[in-house]
Amino acid sequence: MSSGNQYSKDRRQFLITSGSAIAGAVMATSAGAVLAKPSMERKRRVALVGTGIRGTNFWGKNLVDNYGDVLEFVALCDINPGRVTFAKSFMNVSCPTFTDFDEMLEKVPLDLLLVCTTDATHDEFIVKGLNHDIDVITEKPMTTDETKCAAIVNAQRKSKSKLIMGFNYRYGHLFTELKDLLHKNEVGRLVSIDLNWYLNVHHGSAYFRRWHGERDKSGTLLLHKSAHHFDLLNWWIDSDPVEVHAFGALEFYGKNNPFRGKNCRDCRYTKKCQFYWDINETEFNQRLYTDNEKFDGYIRDNCLWRKEVDIFDKMVVQIRYANNVQVSYSLSTYSPYEGFRLAFNGFDGRMETWEGLPWLEAQQTDQSKIYETGMAINQHSLKELDNFEISISENFKGYRQIKLPYIRRGHWGGDKVMTDAIFRGISPKKDYGQAATVRDGSMAVLIGIAARKSIDEGRMIKITELTDLKPKVKRSA
Ligand SMILES: NC(=O)c1ccc[n+]([C@@H]2O[C@H](COP(=O)([O-])OP(=O)(O)OC[C@H]3O[C@@H](n4cnc5c(N)ncnc54)[C@H](O)[C@@H]3O)[C@@H](O)[C@H]2O)c1
C-alpha cells in the first residue's frame, strides 16, 4: 500500500472517530479554510517541517505549551540534523526527527503538516501534503513564483484536505478594526488605498543578512515581506488584483557598501560598521544557528554588504483591482524608525492610521495629563494614552478620531487569535473571514510576483498572465 493511501485511510478514520461527519466537522468560523473540529477522542497528529526560529517558537513551543490538549507533535523535519535535534529539546517533545521529508511522510501517519521552511521550498511540502490528503498550514509567502503557485492550486483542487494560510496580520486587532470600519461604510465607496511600510535599519537589515537577501530563496521582499501587506489589501478591498506596475532597486545594502566582511563574527570592520550584530549574544541563536552551521553552511549573521544580495531594498507598487480600487504601496528597508502610514479614500471621506511615527507618538502624550500625573497623589499611568489612532474625515465636515488599545505583541495580537481560531475553533470577535485559503495565499503572492516581473521587464503585468484563477470583482461573494 502506498503511503498516500495509508494516510488517507488514517485521516478518514480520524474524522469518523472524532464523532463528526466531514461536512459537519468544518468549523463555522468563516468562509475561509478551517480545520476539522478537534477530536474529543484523540489529539490531532502534527508534524513540523522547517525547525528554524518561526518553526520552533511559534508553530513549535507555542503550540506545545498552549494547545497540547488538542494536538501532539508526532514528527519534526529539517534538512539540518543539528537544528532539528535542538528543536526537539527546545519544544520539549518526544517525537522522532527526520532530515528526509519523504521518509517522514512514509513512516508517520499525520493529520496536519506545518510548513515553516525557506520560502522557495514551501511548494514542495504543501503539494506533497495535499497529495497525501493531509491538512497543511503554511507560513507566508505561500510560494515564490507563478509555476509553483499553479502547482499548489492544482494540488488543492485534487485534494480532500485543506491548505490554510498562516496570515496572522488579518487577525491583528488594528487590522480587523479597519476591516470592520470599511464594512460599516465609514468612507463610502472605497476608491483607493495608500500604504507605505517602513522597516527600520535593525529589522530591515536583518533580511539582508541571510537567505531572504537572495531572490532564489525568498523571491525578494515583495514576496517574503509584502505578501502580508498584499493579503491585507486584498482582504480589505474584497476584490482581486488585476494589474500591477512596480519600480524597485538595490541601492543601499549588498554591493553598495565600500567594505564587507565574511560575517559579523569574523569581521574586521565591527567597530566601523553600524550594522554589526553579535549573533552569539543570545544562547538561543547560538544553539539554533551557529552550532549547526557545520551541517549545511547556513550562516545566520552573513555580511549584509555581501555581493550575493540580489533583492530590492526599495520598492513601489501600484495595483488596480477588479472593482476598480487602486493601491499605491511602498516598502522601505533602511528607515530610521519602524512603522507605516495607511489611508483609505472613499467617495464620502478618508480614513487613516499610522504606527511608529516618532513625532506623532510624542503627540499622543497629552501634556495636560503629564502635569496631572506629576501632581497626582494616586499615581496615574500614562500607559492609558498609548493607543492606535484611526482618523475618519468626512467630505464637507470635520474629522473624528477612534482610539484603540495599543496591542503590538504577537503581530498586533493576531497570532493568538489565529491559533485559537485554527486549533480551537474560536471565531475572532469580529469575524470577517480571516481564515485564509489557497486562493488568498495565491492572490497575495501573485501581486508580489507581478511586481517583481514588472520591475524586471519594465512593463505593467496582468495577474491573468500568471494564473488560471479568474479575478473576482467581489471576493467574498
Ligand atoms: N507570519 C509571520 O509573521 C512570520 C514570521 C517569521 C517567519 N515567517 C515565515 O516562516 C518561515 C521560516 O522563517 P524563519 O525565520 O524561521 O527561517 P529560518 O531560516 O530560521 O528557518 C528555516 C528552516 O527551514 C529549514 N529548511 C530549509 N530548506 C529545507 C528543506 N528543503 N527541507 C527541510 N527544512 C528546510 C532550514 O534548515 C531552517 O531550519 C518563512 O517562510 C518565513 O516567511 C513568518
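By a polar contact I mean a pair of N or O atoms within 3.5 Å, where, within protein, one must be able to donate a hydrogen and the other to accept it, and residues adjacent in sequence count only if both atoms are side-chain atoms. This is a predicted model, in which local features need pLDDT of at least 70 and side-chain atom pairs count only at pLDDT 80 or more, while totals for chains, interfaces and linings use all residues. Residues are numbered from 1 along each chain as its sequence is written, and side-chain values use heavy atoms, with hydrogens and water left out.

Let me start with the ligand. An N or O atom in the side chain of Y289 lies 2.5 Å from one of the ligand's oxygen atoms, a polar side-chain atom of H224 is 3.4 Å from a ligand oxygen, and a polar backbone atom of G52 is 3.5 Å from an oxygen atom of the ligand. Taken alone, the ligand exposes 860 Å², of which the protein buries 91%, with areas from the Shrake-Rupley method and a 1.4 Å probe.

Around the ligand are 25 residues, the closest being D78, R83, D119, Y289 and Y298, where near means that a heavy atom lies within 4 Å. Domain 1 (3–165) and domain 2 (170–253 + 310–465) each give at least three residues to this shell, the bounds coming from an automatic or database domain assignment.

Now to helix α12, a DSSP run of H or I of at least four residues. Twelve of its twelve residues are buried, so α12 is largely enclosed by the rest of the structure, buried being under 20% relative accessible area (1.4 Å probe, protein chains only). After α12 comes D238, with a positive phi near 60°.

Notes:
Buried < 20%, exposed > 50% of the residue type's maximum accessible area, 1.4 Å probe, protein only. Helix = DSSP H or I, 4+ residues; strand = E, 2+ residues; numbered from the N terminus.
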